[in-house]
Amino acid sequence: MSQSVPAAYTPAPFIRRAFDWWVAQVKHALLPTVFFFVGFNLILWTKRLILEEHGVEFSGFLTATLAALLVGKAVLITDNLPFMRRFDGAPMIQPILFKSTIYSLCVFIARLAERLVHFLSAGGPIVDFPAHLVEHFSWARFLSIQIWLIVLFLAYVTVHELNILFGDGELVRLFFRWRSSEAKLTRRQRIRLLTRLNRLSEANPIEAFIHLDSPARAELIEIMHELASPLTPGGPRTGV
């Protein structure tokens, strides 16, 4: 009797795998790039409104765009470092402060490196760069931008950590996908259930959910039923 022989596994071509890797990296860097693009342009717009009162023309759209691309690249590189997961199991304030500090330091170094490249391209010797930073560099402007970067990083990392806590894509659903008539009730109750589910998973080992008569398993089933229950017209959900 003839038996069908399964086809041999053929790995994807190198070009296809390289393209898929590139797409994944672009998607990873897209969110911080867009976030900081909007943030930087808001800062420049307010600065332009202030300077217009004194008759000073100011435009920095290209600078804000390049800065957003720089920050997006820095976030992409930094997220691949192994120590960035150090505080994933700690209270949320710790990973927020830790990652914001690392991102800010990386961007600080990248901005200084960018200044060094400009200094060298202008014909300056590298040994004179420290003296240039002390005597001619505008530290007030540099540090003011760095402070805004820290604030934006704190906001970005906070949203990112909340998205991870509630489940990837859950914040998008909370803000954009639910109807306005359901939003107040559903958002509040769903966040409470997701937070309760997270605390339950942290307080109990995986073995506690395997036994059929364990309280942790019963609470887990209750939460899942409430998350899946439909919205009751004219009244609250069972738990969502």
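Visitor: What share of the contacts in the protein chain with a separation of 6 or more do residues 24 or more positions apart account for?
Guide: The model is a predicted one. Among contacts in the protein chain with a separation of 6 or more, the share from residues 24 or more positions apart is 60%.

Visitor: How many helices and how many strands are in the protein chain?
Guide: From the N terminus on, the elements run α-α-α-α-α-α-α-α. The count for the protein chain is zero strands and eight helices.

Visitor: How far does helix H5 reach from its first C-alpha to its last?
Guide: Helix H5 covers residues 139–166, which is 28 residues. At 1.5 Å a residue, the expected reach is 40 Å, and the helix comes close to that with 40 Å.

Visitor: Which residue just after H5 takes a positive phi?
Guide: Phe 166 is among the buried residues of H5. Just after H5, a positive phi of about 110° is taken by Gly 167.

Visitor: Which residues does Phe 40 touch, not counting residues up to four places away in sequence?
Guide: Phe 40 is one of the residues with the most contacts inside the largest nonpolar core. With residues up to four places away in sequence not counted, Phe 40 touches Ala 64, Ala 67, Ala 68, Val 71, Leu 149 and Leu 152.

Visitor: Is Lys 99 buried or exposed?
Guide: Lys 99 is found in helix H3. Leaving aside neighbours within four places in sequence, Lys 99 is in contact with Met 84, Arg 85, Asp 88, Val 157 and Glu 161. Its relative accessible area is 4%, and the cut-off for buried is under 20%. Lys 99 is therefore buried.

Visitor: Which element gives the most to the lining of the second largest pocket?
Guide: The second largest pocket has a volume of about 530 Å³. Of the 18 residues that line this pocket, the closest to its centre are Leu 31, Val 159, His 160, Asn 163 and Val 172. Helix H1 (14–52), H5 and helix H6 (170–177) each give two or more residues to the lining. With six residues, the element that gives the most is H5.

Conventions: Residues are numbered from 1 along each chain as its sequence is written. This is a predicted model: local features need pLDDT of at least 70, side-chain atom pairs count only at pLDDT 80 or more; totals for chains, interfaces and linings use all residues. Side-chain values use heavy atoms; hydrogens and water are left out. Helices (H or I, at least four residues) and strands (E, at least two) are DSSP runs, numbered from the N terminus. The expected span of a helix is 1.5 Å times one less than its number of residues. Buried means under 20% relative accessible area, exposed over 50%, partly exposed in between (1.4 Å probe, protein chains only). On a 1 Å grid over the protein atoms alone, a cavity is a set of points where a 1.4 Å probe fits but cannot get out, and a pocket is an open set with protein on both sides within 12 Å along at least five of seven lines; lining residues have an atom within 4 Å of a point. Grid points are joined across faces, edges and corners, and a volume is the space filled by probe spheres set on the points. A nonpolar core is a set of buried Ala, Val, Leu, Ile, Met, Phe, Trp, Tyr and Cys residues joined through side-chain atoms within 4.5 Å. Contact means heavy atoms within 4.5 Å.
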